[in-house]
Amino acid sequence: MAIKPYLILMRPANLVTAVADILAGASIAGLTLATFQSAEVINIIYLMLATIGLYGGGVVFNDVFDYELDKVERPERPLPSGQVSRTSATIQALVLYIIGIVLASLVSPVSGLIAVVTAIGATVYDKWAKHHTFFGPVVMGTCRGLNLLLGVSISLPVLYTMWPIAILPIIFIGAITLTSQGEVVGNNRKAVALAMSLDAVVVILLAGLAVYGYINWMTLIPFVTLWWGMNLFAKIKAYKVNEPKFIMKAVKMGVLSLIPLNACYAAGFSSWQLAVAILCLLPISLFLSKYFAVT
């Protein structure tokens, strides 16, 4: 049995961004580089593996539900090309979900519950919500926000007070999802413009957190600049040349830039050293994106 088609279904480059979510969430909960020398590291490892299962299961189900559409628009993908059967892909997705939920539950019942809700949300998005202009971005953004909170759940007291932080990835993922709605046919300037506005809202909210003393703005500035710049450049290009090629590039850049966004959380809530450590995941994701599809 060839393994590569099953890896393609899991979007390896995207999985790295999901791991970055966990590290960012853990940094909000108090993670420092010194934490990796403590007993708490096992819970962080459990959650990083859990998110690989949850995210991997979600994107596999995406291709399962898109089978008929992909036969027309993307016949080279593993399912429409016959490299993987729909039954095998469904089993793969379910196994990944179970692994993710079990590993998260080893950290705490609350972490397990977040994992269950995330899996349900991802499946709802794949099957129904993504076909809706409003609910698609909201549901997908909520899943990513829950993934960040999964990282925060290493400290339940922090989770109970900082859960509103999930609004940031919800807004940004909403922007990516809006952009992606025209990636095959183009002609989505309005969606791209709205996506750029949502990116600006994230920056404003981060500034608000700094003003109220929740995060260190001076440490945050270079990481915000990198994240915003990556997205702004790609989206401006997609707006000017509103064709599938450039829209897909903007979506890809948005997904990969989740790593710099997660570095922003670490820089603001923890330290620039941890932010740099998270940022080191970006070259890995970029490398994988050369061999495995991101969208």
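Are Phe61 and Tyr97 buried or exposed? Select the two residues: both Phe61 and Tyr97 are buried, where buried means under 20% relative accessible area, exposed over 50%, and partly exposed in between (1.4 Å probe, protein chains only). This is a predicted model, in which local features need pLDDT of at least 70 and side-chain atom pairs count only at pLDDT 80 or more, while totals for chains, interfaces and linings use all residues. Residues are numbered from 1 along each chain as its sequence is written, and side-chain values use heavy atoms, with hydrogens and water left out.

**Aromatic cluster**

Rings of Phe, Tyr and Trp (its six-membered ring) pair if their centres lie within 6.5 Å; planes under 30 degrees apart count as stacked, over 60 as edge-to-face and the rest as tilted. Phe61 and Phe65 are four residues apart in helix H3 (residues 41-65), and so about one helical turn separates them. (Helices, H or I of at least four residues, are DSSP runs numbered from the N terminus.) Phe61 has a relative accessibility of 8%, whereas Phe65 is partly exposed at 30%. The ring centres of Phe61 and Tyr97 are 5.6 Å apart with planes at 45°, so this pair is tilted. Because Phe61 belongs to H3 and Tyr97 to helix H5 (residues 86-107), the contact ties together parts that are 36 residues apart in sequence.

**Salt bridges**

Next, select Asp63 and Arg77, whose side chains meet in a salt bridge (3.4 Å, N to O); the term denotes a side-chain nitrogen of Lys or Arg within 4 Å of a carboxyl oxygen of Asp or Glu. Both residues of the Asp63–Arg77 pair are buried. Bridges with shared partners join Arg11, Asp63, Asp70 and Arg77 into one network.

Then move to Asp66 and Lys130, a salt bridge with its closest N and O atoms 2.7 Å apart. Asp66 lies in the loop between H3 and H4, and Lys130 in the loop between helix H6 (109-127) and helix H7 (135-152), so the pair ties together parts that are 64 residues apart in sequence. Asp66 is buried at 11% relative accessible area, and Lys130 is buried at 15%. The whole structure holds seven salt bridges.

Conventions. Helix = DSSP H or I, 4+ residues; strand = E, 2+ residues; numbered from the N terminus.
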